[in-house]
Amino acid sequence: MIADFSMKPNFPWEDKPAGSDALLWRYSKNPIIKRDQAKAANSIFNSAVVQYKNGFAGVFRVDDTNRRMNIRSGFSDDGINWKISDEPIRFINETDDLIESEYKYDPRVVFIDDRYWITWCNGYHGPTIGIGYTYDFKSFYQIENAFVPFNRNGVLFPRKINGKFCMLNRPSDNGHTPFGDIFFSESPDMVYWGKHRFVMSPGYSPWQSLKIGAGPCPIETSEGWLIIYHGVLLSCNGYVYSFGAALTDLEKPWKVIKRSSSYLLSPQQLYECVGDVQNVVFPVAALNEKESGRIAIYYGCADTVVGLCFGYVEQILEWLKHNN
């Protein structure tokens with residue numbers, strides 16, 4: 001199976017507002033996914049989408065009205081208007097023993113080789129990185145967890161590097177984690193992970209002073225891997241989640257070339273500041289139209305709904321040169 005990621009007329013997009021000098025600009029009809037857009041949903045946020053056939057598919061974090069955290073599949077013709085399943089994904093187990101899953105949240109999806117790989121925060125005696133895959137977003141298969149607890153924000157690179165699957169991840173704790181560095185790990189088979197390398201720490205600038213974590217799957221450019229990541233500030237009113245960007249080496253992705261001192265986007269709109277968790281913009285997925293350089297970033301807003309913003313990869317790379 002070959003995934004066609006060439007330019008599509010239905011790429012989700014809205015031109016920058018006249019007179020705006022913003023590097024990223026929000027979709028004027030945000031949020032694109034409301035909190036109750038699926039059956040028995042309390043909130044829908046921190047969700048991953050990819051191009052699929054002539055449209056788009058996704059895996060969505062849906063906290064139900066019992067406040068159980070789980071993930072569901074969904075489809076869209078235009079990347080903006082979504083139909084999300086009324087039931088959580090039922091994974092087919094590919095291991096000898098049933099993998100416990102007390103909860104599932106914050107998924108990422110990426111196409112590698114012949115299938116769509118899914119990672120998520122999996123509840124297995126604490127949070128760790130669950131891994132599964134699908135060919136059609138109808139049947140889903142789960143394999144072994146990548147790491148022992150505690151770990152979050154497992155984000156796969158969109159291709160093998162030196163013949164190995166590669167993942168960014170963030171060792172954490174069993175709670176809300178008032179700390180966090182980004183690490184790099186690799187695997188020959190998506191089961192056994194090792195050769196762990198430190199990537200970067202928080203504290204680089206105030207908006208990312210408490211903890212950081214990888215967001216969408218890295219975007220390959222001629223200058224390196226463009227990584228969109230979230231950073232957290234501990235304010236007198238609690239945590240504030242914003243997101244910025246970094247550039248790392250193509251062959252040694254743990255080596256940081258540039259990193260933004262300023263944020264790309266911070267919680268400023270009402271739907272980003274008010275919700276189940278205040279003051280959160282949390283990037284999870286990015287669609288990149290390589291021919292034009294356009295990028296559409298999907299992000300969770302206040303742990304309640306899904307927002308969409310737009311920009312250009314080349315402009316972000318140029319911005320990094322002056323905000324490094």
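Which residue forms a salt bridge with Glu-186? Let's find out by selecting things one at a time. Keep in mind that you're looking at a predicted model.

**Stop 1: Glu-186 and its partner**

Select Glu-186 and Lys-195 together. These two form a salt bridge, and their closest N and O atoms sit 3.9 Å apart. That counts because the cut-off for a salt bridge is 4 Å. Now colour the pair by accessibility. Glu-186 has a relative accessible area of 15%, so it is buried, whereas Lys-195 comes out at 52% and is exposed.

**Stop 2: two neighbours in the sequence**

Next, pick Asp-114 and Arg-115. Here's another salt bridge, with 2.9 Å between the closest N and O atoms. Is Arg-115 buried or exposed? With 18% relative accessibility, Arg-115 counts as buried. Asp-114, at 29%, is partly exposed.

**Stop 3: a link across the chain**

Now show Arg-67 and Asp-276. They form a salt bridge too, and the closest N and O atoms are 3.2 Å apart. Trace the chain from one to the other and you'll see that this pair links distant parts of it, 209 residues apart. Arg-67 is in the loop between strand 3 and strand 4 (69-76). Asp-276 is in the loop between helix 1 (270-273) and strand 20 (281-289). Both ends are partly exposed: Arg-67 has a relative accessible area of 47%, and Asp-276 has 32%.

Arg-35, Arg-67 and Asp-276 are linked in a network of salt bridges.

**Stop 4**

Strand 3 covers residues 55-64, and it belongs to an open sheet of four strands, in the order 2-3-4-5, with antiparallel pairing. Which strands stand at the edges of this sheet? Strand 2 (41-52) and strand 5 (82-84) do, and each has a single partner strand, so one side of each is left without a neighbour in the sheet.

What holds strands together in a sheet? They pair through backbone hydrogen bonds, either parallel or antiparallel.

**Stop 5: zoom in on one pairing**

Finally, select strand 2 and strand 3. They run antiparallel to each other and pair over nine bridges. To see who faces whom, highlight Ile-44: across from it, in strand 3, stands Val-62.

Methods. Residues numbered from 1 in each chain as written. Predicted model: local features only at pLDDT ≥ 70, side-chain atom pairs only at ≥ 80, totals over all residues. Heavy atoms only, no water. Pairing = 2+ DSSP bridges. Helix = DSSP H or I, 4+ residues; strand = E, 2+ residues; numbered from the N terminus. Salt bridge = Lys/Arg side-chain N within 4 Å of Asp/Glu carboxyl O. Buried < 20%, exposed > 50% of the residue type's maximum accessible area, 1.4 Å probe, protein only.
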